[in-house]
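This report concerns selected features of the structure shown below. The headings mark the topics in turn.

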Amino acid sequence: MDGIRGLAALFVVLHHCRLLAFPGFPADTGPGWASWMLYGHFAVVVFIVLSGFSLAVAPARRDWALGGLGRFAHRRLWRILPPYWPALAISLVIAWTLVPQPGEGPPTAKSVLFYGLLVQDVFGSPSPNGAFWSIAIEAQLYLVFPLLLLLVRRAGVLAMLGAVGAVVAAIGLLAPSVPAVELLMRFTPQFALLFAIGAMAAGVAGGRWLRAPWGWLSLLTAVPVVTLIAVRGSVWTVENFYWVDLALGPAVGCLLAALAAGRPGRLTGLLDTRPLRSLGSFSYSLYLTHAPLVVVLHTLVIAPNLAPGVPAFLATLALCVPVTLLVARGFAAVFELPFQRHRTWPELRAAILARLSGRRPSAG
């Protein structure tokens, strides 16, 4: 799973590099061989399904019990906020002192408040970081997760999936004609169903259906959607992200179920290689920190020397990919990985003091 996270985060970096080198998104103004990089949005689809899967693995093994609401809330906040707030501070400084995000003015006091409280998808303000839109959605899905588990315990996984799917489909159908429903689109409600699909895949991974041909089912459900995207093009796809996301969700869920079963073996082995596992270990930091860096490097280094086009794109990749990876790895070493190894403030404080004094920290 770390390998998938790492590849998805790297795909988002490539996506932002392409957007800057070939302006005009969602129109495809670049060469055909780079068209696939237009669809960085789908990396977020993978993240959301994978998030539902990861959170549901442990509950699925204990009859879908959450294991304590307070413990769950602490672990989620401990995971998401320590890297997020420093990344927000860095993004604000870059936007104020160097270059704001494309299409955005300098961040305001509202930006600090709304992004700090993770409500940027509810209240509008200039964005300090083009990747932060999905972090608020992820946090809000954490609030929904206990309710999904309760529904599973009361009515079963299929009933939970059907209930969420019915609500999401109704919102999508009514939004174009009902202003009150259209406001709900700020929350990208399709991600709730993707999250539920991930949770269902976790149930499959721990049950008697694990030996089903999930890899083939993933391929069969993905091919029609990918073909439709290729035929209709980027503008149509972006305009219909709501339904395209929903169509891709089952393919991602089936893939996760297949990988949980160790199939296909070559893909599982590839994702479990040391480089991809290492990339996955700091993928959250890469996602959080890359966007301001890509914008700064392209605006101040690439754009003054190269006109938009293939040379600028290749130069952006050559410069931005290694820089963002190095920065993210260093950022994770300070703000992400210690919080994964030590799950409470006392444990983390003891580890820091032990390191400062040259002693080996005791096991927490």
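A328 lies in helix α14, which spans residues 310-335; helices here are DSSP runs of H or I with at least four residues, numbered from the N terminus. With a relative accessible area of 0%, A328 is buried, a class defined as under 20% relative accessible area with a 1.4 Å probe and protein chains only. Leaving aside neighbours within four places in sequence, A328 is in contact with F282, S285, L286 and T289, where contact means heavy atoms within 4.5 Å. The C-alpha atoms of A328 and Y287 are separated by 8.3 Å, although the two residues stand 41 residues apart along the chain.

## Basis of the values

The model is predicted, so local features need pLDDT of at least 70 and side-chain atom pairs count only at pLDDT 80 or more, whereas totals for chains, interfaces and linings use all residues. Residues are numbered from 1 along each chain as its sequence is written, and side-chain values use heavy atoms, with hydrogens and water left out.

## Nonpolar cores

A nonpolar core is a set of buried Ala, Val, Leu, Ile, Met, Phe, Trp, Tyr and Cys residues joined through side-chain atoms within 4.5 Å. The largest such core has 97 residues, and the members that touch the most others are F42, Y84, F132, I135, F145, F191 and F313. Helix α2 (residues 41-61) supplies the largest share of this core, with 11 residues.

Apart from neighbours within four places in sequence, F313 is in contact with C17, R18, A21, F22, W33, A34 and M37. A second, separate core holds six residues, among them V204, A212, W214 and A258.

## H41 in helix α2

H41 lies in helix α2. H41 counts as buried, at 13% relative accessibility. Not counting residues up to four places away in sequence, H41 touches W133, F191, F241 and D245.

## Packing of α3 and α4

Helix α3 (residues 69-97) and helix α4 (residues 109-116) pack at an angle of about 160°, with their axes 11 Å apart. Axes are lines fitted to C-alpha atoms, for helices over the stretch in contact, and angles run from 0 to 180 degrees between N-to-C directions. The two helices are therefore roughly antiparallel to each other, a term for angles over 145 degrees.

On the α3 side, Y84, W85, L88, L92 and W96 meet V112, Y115 and G116 of α4. By class, this contact has seven nonpolar, one polar and no charged residues; Ala, Val, Leu, Ile, Met, Phe, Trp, Tyr, Cys and Pro count as nonpolar, Asp, Glu, Lys and Arg as charged, and the others, Gly among them, as polar.

Terms used. Angles under 35 degrees count as roughly parallel, over 145 as roughly antiparallel, 65 to 115 as roughly perpendicular and the rest as oblique. Buried means under 20% relative accessible area, exposed over 50%, partly exposed in between (1.4 Å probe, protein chains only).
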